[in-house]
Amino acid sequence: MKLLNLIFVIGVGCVQLLAANTGTGADTDAKPNVILVMTDDQGYGDLGCHGNPILKTPNIDHLYSESIRFTDFHVSPFCTPTRAALMTGNHPGYSGAYRTSSGRTMLHRDEKTVANLFAENGYATGMVGKWHLGDNAPHRPQDRGFQDVVWHRCGGVGQASDHWGNDYFDDIYERNGKFEPFEGYCTDVWFREGIRFVDEHKDQPFFLYLALNAPHGPYRVPPEWAEPYSGNKSVANPNFYGMIANIDHNMGILRKRLSELGLTENTILIFMTDNGTAAGAKFKGLDSEAIVGYNAGMRGKKSSVYDGGHRVPFFIHWPAGGLNGGKDIETLAAHIDVLPTLADLCGIPVSEDYRPDGVSLKPLLSVAQPSSVSDSDSTLKPDKPGQPWPRDHHVVQFHGGAGGSTLPSAPFEYSVVMTERWRLVNSDGQALYDIQTDPTQRTNVAADHPEVVAKLRELYQPFWDKVSPRLTPVRIDVGNPAENPTVLCSQDWFMPTGNPPWNFTSIRKLPKVTGPWMIEVKQAGRYRITLRQFPKEANKVVVAERAKIEIAGKTVEQTVAPQSQGVVFELELPAGPTELVTYLYDAKGRAGGAYFTEVEAI
């Protein structure tokens, strides 16, 4: 059987098998392969092909020139929610993973992923890079349908739950449940591992999710990549641009390897990013226009509900499927559409277990084939006669706002209801923008169009009715044979508002704060619970006089031995859901939590 190959560089999207109608002679029984590659914190304007006058991205620009481009494609304004929507096809709030820390980064147990879908249908599945949907069972990528996994924990290399000492260079990452040293710069490692996966599975159907941590901060890159941008007053952050230039270089290597393997024609390659720019320009707050640098004429950056926070590139290229030639699709589309589109493209039925909120983009991609449009520079209009489109709006909500200051979420807070003409932004009151005449969102026209405001608010309500009941805690397993011991990190404390200590900058200050881990004791029995302020591999002494834990209705205390690197409790626990709260008291009786805690069934 001939194989068709599908690659996504996250960004992502898809369709039902199109080859039968393209005149390419492709085997209609072929199984496409899939690769999703996603960049992290790269905005719409952080590309040469989108008009950036300084940043050089020749390989991505070349892909752009050959691709079908969605020009009104939206994700969430920051990391975890976009990944949750991408994996499940559901709105992030519904999925359970709608923030970047505070115990709200994990998918509800009944959520199934695109990796589950492909694995259930005979595909080899691989994940490389940044996951950010849970560090512990049953929420790791290997628990969620991926069979071959190389990844870093938490939301960024070097953050608290990542392996101690990682700094983007010669780091220790996790391969299939075991930590392993890797040589080189992180982005180079991820592409190398992605290509390794392709090489190993080139003769069978595969699904690869290649999710980069770059150009997320801290902004570290070999100096030769940043040097061309240093000293330019129009560049907000030379290292950020250097990280993107390195990504672009690796994209060239990936495409070259696909050509060498004879996979280019039958490969769908999709490029997108996970949210608006983090450092491609300077802004006044989250919602301003760019003060220094380039943001493609949009207002807002990462974490903003204005377009600059969530409108991203989405390029799809598949010569054997007729998806090439350099054309634009203006139809409103989103991250929740990726799973149903992929399933449609690959001929995989989506069962009731998935219930995606998104829609397949296949009809739009079908229209985009060269046989339908002769002008390579054409812009495809969203609605063709006889082809009704099932979406007339889309909702994005930043549950809790920046810093989680308004948790739990309330209706309309930090939300935007979008159509192809309108944006109703509710984070600062009822602000309505006509995006077609005012793409920078400078003029609030709500007073001029009260009927539009009312209609968009009406369209928001079904979204809130579905999402709000699912803004509930997701639990981490302890005593799960798939991961024993379980190493918990304070980034997953379930705080009522705000963020817990989630990076070493805050943890090194030993903040006097603690919170509960929401856990599920998988089996009744005796457990060893070890409290630390730093991970075990840091070999640091606990700075505390007294320790206490609260779990399953029990409270246990003990004195901390001098020079102890961990305070150990052993006790019997019943099976079932519970909370674990830790306390480490200093000499003045002030308590902070054990930011790292190991729980082992013994």
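Which residues are buried in α8? The structure is a predicted model, in which local features need pLDDT of at least 70, side-chain atom pairs count only at pLDDT 80 or more, and totals for chains, interfaces and linings use all residues. Residues are numbered from 1 along each chain as its sequence is written, and side-chain values use heavy atoms, without hydrogens and water.

In α8, the buried residues are Val 338, Leu 339, Pro 340, Thr 341, Leu 342, Ala 343, Leu 345 and Cys 346 (buried: under 20% relative accessible area, 1.4 Å probe, protein chains only). Helix α8 spans residues 338–346 and is largely enclosed by the rest of the structure, because eight of its nine residues are buried. Helices are DSSP runs of H or I with at least four residues, and strands are runs of E with at least two, numbered from the N terminus.

The largest pocket has a volume of about 510 Å³. A pocket is an open set of points on a 1 Å grid over the protein atoms alone, with protein on both sides within 12 Å along at least five of seven lines; a cavity is a set where a 1.4 Å probe fits but cannot get out, and lining residues have an atom within 4 Å of a point. A volume is the space filled by probe spheres set on the points, which are joined across faces, edges and corners. Of the 27 lining residues of the largest pocket, Arg 153, Phe 179, Val 487, Glu 537 and Glu 598 lie nearest its centre. Strand β31 contributes the most to this lining, with four residues.

Six cavities of 30 Å³ or more are present.

Methods
Buried < 20%, exposed > 50% of the residue type's maximum accessible area, 1.4 Å probe, protein only.
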